[in-house]
Amino acid sequence: MLIIFASLTLALALAIRLLRRIYLPLQRLMNHAERLSEQRYKLLDDDNYLYEFDVLRLGMNRLCTDLQHYKEEMHSIIEQSTSDLQQSMELLEVQNVSLDMARRKAMEENKLKSEFLAKMSHELRTPLNGVLGFTRQLLKTQLTPHQQDYLATIQKSANSLLTLVNDVLDYSKLEEGRMTINPEPFIS
């Protein structure tokens with residue numbers, strides 16, 4: 001009995017020791033794997049591991065180092081990309097502001113041009129109407145054939161110029177959106 005009891009005790013002591021040599025390192029490796037999955041990268045200490053567990057520990061430490069390196073590299077790439085994106089957005093903002101200013105300036109210049117054309121055509125139309133009126137009045141008087149020919153030429157030229165001025169005025173109205181449309185029947 002005593003030999004059996006001593007043998008069992010010895011077997012139990014060897015099993016506990018063997019269990020300690022296998023279970024505790026295995027538990028440490030499992031805990032380390034869990035920490036790696038939580039992105040906590042800390043290397044395992046060099047305890048007394050059996051050969052297979054030591055190879056596994058070294059592999060996990062290498063994995064930990066690589067993951068830490070990849071995380072830092074990814075963080076650096078993200079920071080660089082964010083910086084590049086922010087610079088691009090700032091550049092686009094500056095371009096948008098300058099384009100908006102150029103558009104406003106062009107619209108203002110277009111408005112000034114249209115106002116100038118309208119005023120110019122009105123200012124030209126008044127004296128032309130005077131010339132046409134006096135020409136008509138002169139044509140009603142006693143004139144020599146040469147004088148009538150000269151006045152007819154003046155009247156024809158003034159009418160052509162008045163048509164041109166009216167077309168310019170219509171163009172400026174069209175640009176400003178003030179052109180009225182007169183419907184006319186179409187005869188084919």
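Let's start with His32 and what it touches. Leaving aside neighbours within four places in sequence, His32 is in contact with Lys42, Leu43, Leu44, Met60, Asn61 and Cys64. Contact here means heavy atoms within 4.5 Å. This is a predicted model, in which local features need pLDDT of at least 70 and side-chain atom pairs count only at pLDDT 80 or more, while totals for chains, interfaces and linings use all residues. Residues are numbered from 1 along each chain as its sequence is written, and side-chain values use heavy atoms, with hydrogens and water left out.

His32 sits in helix α1, residues 2-37. Helices (H or I, at least four residues) and strands (E, at least two) are DSSP runs, numbered from the N terminus. Is His32 buried or exposed? His32 has a relative accessible area of 0%, so it is buried. The cut-offs are under 20% relative accessible area for buried and over 50% for exposed, with partly exposed in between, using a 1.4 Å probe and protein chains only.

One of the contacts of His32 is Asn61, which is placed in helix α2. Asn61 counts as buried too, because its relative accessibility is 9%. With neighbours within four places in sequence set aside, Asn61 is in contact with His32, Leu43 and Leu44.

Next, the nonpolar cores. A nonpolar core is a set of buried Ala, Val, Leu, Ile, Met, Phe, Trp, Tyr and Cys residues joined through side-chain atoms within 4.5 Å. The largest one has six residues: Leu29, Leu36, Leu44, Phe53, Met60 and Cys64. Helices α1 and α2 (51-139) each supply at least two residues of this core, and α2 gives the most, three residues. Another core, of five residues, lies apart from it and includes Leu128, Leu132, Ala158 and Leu162.

Now the whole chain. How many helices and strands does the chain have? The chain has three helices and zero strands. Its radius of gyration is 50 Å, well over the 16 Å from the globule rule for 188 residues, so the chain is more spread out than a compact globule. That radius is taken over C-alpha atoms, and the rule is 2.2 Å times the number of residues to the power 0.38. Along its principal axes, the C-alpha trace spans about 165 × 40 × 20 Å. Of the 188 residues, 13% count as buried. Among contacts with a separation of 6 or more, 63% are between residues 24 or more positions apart.
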